[in-house]
Amino acid sequence: MSAPTDLSFSSVRYLPTNEAYDRWAAVYDTDGNFLQALDTVELKTLFPEFLQSITSPKPWRIVDLGCGTGRNTSILLAVPDIEEVIALDSSRGMLEVAKTRLQQVDNGVSPPSSEPARAAPKVHLEVFDMLDSQSLPVSAQQVDGVISTLVVEHVPLQTFFSQVSRMLRPGGMLLLTNMHAHMGGISQAGFVDADTGEKIRPTSYAHTVADVVAEARKWGLEKEGDVRERAVDEDMVERLGPRSRKWVDVTCWFGGLFRKRAN
C-alpha cells in the first residue's frame, strides 16, 4: 500500500480540541503524520534519558498526559521499573483507540519460560481535560514522572505547567515534546475528514522554546540539559514519509526534560 499523502480539502473547520481529536482518532496513526514519526525517532534517545533521570525509589508511577492513541503508554508498560501508568486524555475517541492498542499488546507474544515473570504494571485510562478539570484524578497525584508528547501545542502554557506541577512529587521528572514554533507559525495540527472533505483543526498555540522554559520555571520545573530542536532535512524524508518533504529546512520539533524543584 502506498504511503498516505496530503489530501485536498474543501474548507477548514475549527473545533474544540477534544472534539477534533474524537474525529481524528480513527485515522490518527495511519494518516501519514510526519511529526508523530519524527517524535518517535527523537524519543528513542530522549525516553531512556528520562528514565535515567528519575531519582525516586523504584517502582515508579508515571502519567502519560495527553496519551492519545497510547503510542507512548505501550512503551511505558514495558519498563520493568514502572508499576503503574496513568494514561490521561481529553478525547474519549483517542482513549478508545488506546484501549484497543493496549489490549493487543497485552495479548502479544509471551516471554520465554526461562525468563522470570514480572507483574504487569497497572494501567488507568481516564478522561482528563486540563482546561476544564479543577481537580486531578487521585491516581495522577504525587507521581514520579510525567511524559507529554505533542500535547502542549493545544493548551495555554500556564494551564499545562500548573497541572504538571500538581501531579509531580518533588524531584519528579517531566519529558515534554511539542511542535516547534517555527512550524507552528506556518501551520498547525489537523487532518482532512474523508467523509466531509473538511480540514479539521483543533485549538493550537505556537509556543516558543523560551516561553516554555520560562513558564515551566514559574511552576517549579527546571530544565535539565538542553532542549533539543529538530529541523527536517532531505535525508529524513524517506523515513518520515512524503508529507515531511515540504517541511525540509523548517524546525518542526523540540523536546527536553524538566525536574520539579524539591523545595
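Me: In what order do the three strands of the open sheet stand?
Reply: In this predicted model, helices (H or I, at least four residues) and strands (E, at least two) are DSSP runs, numbered from the N terminus. Two strands pair if DSSP finds at least two bridges between them. The pairing in this open sheet is mixed, and its three strands follow the order β1-β8-β7.

Me: What is the bridge partner of phenylalanine 191 in β8?
Reply: Strands β7 and β8 (residues 198-201) run antiparallel and are joined by two bridges. In β8, the partner of phenylalanine 191 is isoleucine 200.

Me: What angle does the direction of helix α1 make with that of β8?
Reply: Helix α1 (residues 17-24) packs on the sheet and touches β1, β7 and β8, where contact means heavy atoms within 4.5 Å. Axes are lines fitted to C-alpha atoms, for helices over the stretch in contact, and angles run from 0 to 180 degrees between N-to-C directions. For α1 and β8 the angle is about 130°.

Me: What average pLDDT does the protein chain have?
Reply: Residues are numbered from 1 along each chain as its sequence is written, and side-chain values use heavy atoms, with hydrogens and water left out. The model is predicted, and local features need pLDDT of at least 70, side-chain atom pairs count only at pLDDT 80 or more, and totals for chains, interfaces and linings use all residues. pLDDT is the predictor's confidence in each residue, from 0 to 100. In this chain 91% of the residues score at least 70, and the average is 91.

Me: Is cysteine 252 buried or exposed?
Reply: Buried means under 20% relative accessible area, exposed over 50%, and partly exposed in between (1.4 Å probe, protein chains only). Cysteine 67, at 6%, falls under the 20% limit. Because cysteine 252 has a relative accessible area of 0%, it counts as buried.

Me: How many disulfides does the structure hold?
Reply: A disulfide is a pair of cysteine sulfur atoms within 2.5 Å. The number of disulfides in this structure is zero.

Me: How far apart in space are asparagine 178 and histidine 154, C-alpha to C-alpha?
Reply: Asparagine 178 is found in strand β6 and is buried, at 0% relative accessibility. Leaving aside neighbours within four places in sequence, its contacts include Leu150, Glu153, Cys252 and Trp253. Asparagine 178 and histidine 154 are 24 residues apart in sequence, and their C-alpha separation is 9.7 Å.

Me: Which elements do the buried residues of α7 pack against?
Reply: In helix α7 (residues 209-218), the buried residues are Val209, Val212, Val213, Glu215 and Ala216. They pack against α5, β6, β9 (221-231) and β10.

Me: Is aspartate 249 buried or exposed?
Reply: Aspartate 249 is found in the loop between α8 and β10. Its phi is near 75°, a positive value in a residue other than glycine. Because its relative accessibility is 64%, aspartate 249 counts as exposed.

Me: What is omega near for the peptide bond from lysine 58 to proline 59?
Reply: Proline 59 lies in the loop between α2 and β2. The bond from lysine 58 to proline 59 is cis, with omega near 0°.
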